[in-house]
Amino acid sequence: MTDTATRATAWHEIVLATLKANDVKLVVYVPDRVFTPLIKAIHADNFFTTFAATREEEAIGIISGAWMGGVRGAVLMQTSGFATIPNALASLVVPSQIPALIFVSERGTLGEFNLGQALVCKTMRPVLDSLAVENITITRQDELAFIVDRSIKQAVATQAPVTFILSPLLTGGKVFEA
Amino acid sequence: MTAKPAGAIGAHNAKVMNRFDLTKRLVAQLKHDEAVIGGIGNANFDLWASGQRPQNFYMLGSMGLAIPIALGVAIAQPRRHVIALEGDGSLLMQLGCLATVAERAPKNLTMVVWDNGIYQITGSQPTPGAGAAERPRRHAQASRIRNGRTRNRARRIRSVHLGCGGGLVGPGGPADRGGWGRLGPLGRAVAGCSPAGRRGHPMEGTGPAVLRLVGRRVHQV
């Protein structure tokens with residue numbers, strides 16, 4: 001962990017600094033409103049190669065190939081997008097032992113209006129658990145840098161994927177008028 | 001899998017290109033540690049049967065992800081040439097990846113699409129694009145992918161349609177309409193540039209299309 005990571009004040013600054021400190025150079029995403037400040041900041045930083053994929057599953061394929069080529073990669077998605085990737089996890093990431101770093105903006109809880117998001121939110125953790133994929137829900141900013149930093153190191157050392165579920169308690173989530 | 005000898009094409013299809021034969025020719029051309037990603041099903045099995053290499057990745061199960069994986073390798077290792085071997089059926093499952101590739105425009109990526117118009121491994125059911133090729137073809141065009149005849153207008157990606165089948169990409173190519181496209185060195189090396197394939201028709205194990213990116217490294221293959 002770097003000084004930058006500990007000095008950062010916003011959650012997205014901490015995530016960016018921790019990715020950078022761990023040499024995660026490739027970030028592929030499917031856009032999300034809550035992740036927008038993180039996506040913008042990553043685009044603005046020449047350290048990263050970053051671009052949108054058309055589908056979350058495609059993003060998983062791209063960072064898997066990058067790992068094979070020796071580059072660490074992360075994917076960013078929202079909760080409903082997670083529903084597109086279980087096959088890629090079960091057939092590619094897990095059996096090929098790829099340390100995919102998966103950041104999910106948690107929707108479907110704490111004030112969600114969209115039933116589709118809510119249902120994926122309820123099934124996401126059981127799916128990850130059944131695949132034995134490490135998944136950590138992050139709610140507190142004071143734990144964010146520690147969790148992300150240590151988990152990236154564990155993912156690389158053990159060649160296993162990790163999923164970071166960023167709770168609205170951390171990010172503020174998406175706000176709707178009731 | 002037992003490797004079929006290259007000359008084992010029967011008289012009934014002697015004028016149609018054979019996917020396994022082309023895969024073997026392609027692998028034989030690799031002299032610079034090129035990475036090859038085999039797509040799901042027979043594309044993968046043909047790659048395995050063409051001689052195992054540590055630079056090959058034999059993908060199982062992740063239908064449609066051969067090209068995204070190859071794109072990731074190409075981004076990670078810009079000095080290495082990367083080749084994806086994909087079928088038309090699985091490409092249809094992840095057509096959006098063509099837009100992503102067009103946007104990134106890596107010069108070291110070659111995508112080979114074995115376009116036989118069928119899901120051969122599951123019993124040769126026709127693919128959705130086989131009977132009405134226009135829609136996926138337009139999609140490829142929307143992704144700024146063109147066939148060799150229009151390459152000057154499409155600087156980012158060139159595609160060359162080698163054979164018969166549904167014509168997934170490239171309006172100039174379907175062999176059943178007499179088209180042959182314009183083959184570059186890689187296409188000629190792989191296909192042998194024989195005119196014998198021109199009058200073929202869709203059938204099992206035949207009918208590849210090659211999507212090829214602009215770039216000098218392609219010419220070194």
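Student: How many salt bridges cross the interface of chain A and chain B?

Tutor: This is a predicted model. The search looks for a Lys or Arg side-chain nitrogen within 4 Å of an Asp or Glu carboxyl oxygen. Across the interface of chain A and chain B, zero salt bridges turn up.

Student: What about polar contacts between chain A and chain B?

Tutor: Five residue pairs are in polar contact between chain A and chain B, with both residues at pLDDT 80 or more.

Student: How is the size of an interface given?

Tutor: It is often given as the accessible area lost when the parts come together. Here, chain A and chain B bury about 1500 Å² between them. Of that area, 66% lies on carbon and sulfur atoms.

Student: Which residues of chain A lose the most area to chain B?

Tutor: They are F51(A), E58(A) and M68(A). Together they account for 27% of what the chain A side buries.

Student: Now chain B by itself. What share of its residues is buried?

Tutor: Use the cut-off: buried means under 20% relative accessible area. In chain B, 58% of the 221 residues are buried. The chain has nine helices and nine strands. Take the contacts in chain B with a separation of 6 or more: 67% of them join residues 24 or more positions apart.

Student: Can we take one helix? How many residues of α2(B) are buried?

Tutor: Six of the eight residues in helix α2 (residues 42–49) of chain B are buried, so the helix is mostly covered. The six are N42(B), A43(B), N44(B), D46(B), L47(B) and A49(B).

Student: Where do those buried residues pack?

Tutor: They pack against α1 (19–28), β1 (35–38), β2 (56–58), β3 (82–87) and β4 (109–114) of chain B. After α2(B) comes G51(B), with a positive phi near 110 degrees.

Student: And the cysteines: is C121(A) buried or exposed?

Tutor: C121(A) is buried, because its relative accessibility is 7%. C97(B) is also buried, because its value is 1%.

Student: How many disulfides are there over all chains?

Tutor: A disulfide needs two cysteine sulfur atoms within 2.5 Å. Over all chains, the count is zero.

Terms used: Residues numbered from 1 in each chain as written. Chains lettered and ligands numbered in written order. Predicted model: local features only at pLDDT ≥ 70, side-chain atom pairs only at ≥ 80, totals over all residues. Heavy atoms only, no water. Buried < 20%, exposed > 50% of the residue type's maximum accessible area, 1.4 Å probe, protein only. Buried area = accessible area lost by both parts, 1.4 Å probe. Polar contact = N/O pair within 3.5 Å; in protein donor to acceptor, adjacent residues only side chain to side chain. Helix = DSSP H or I, 4+ residues; strand = E, 2+ residues; numbered from the N terminus. Contact = heavy atoms within 4.5 Å.
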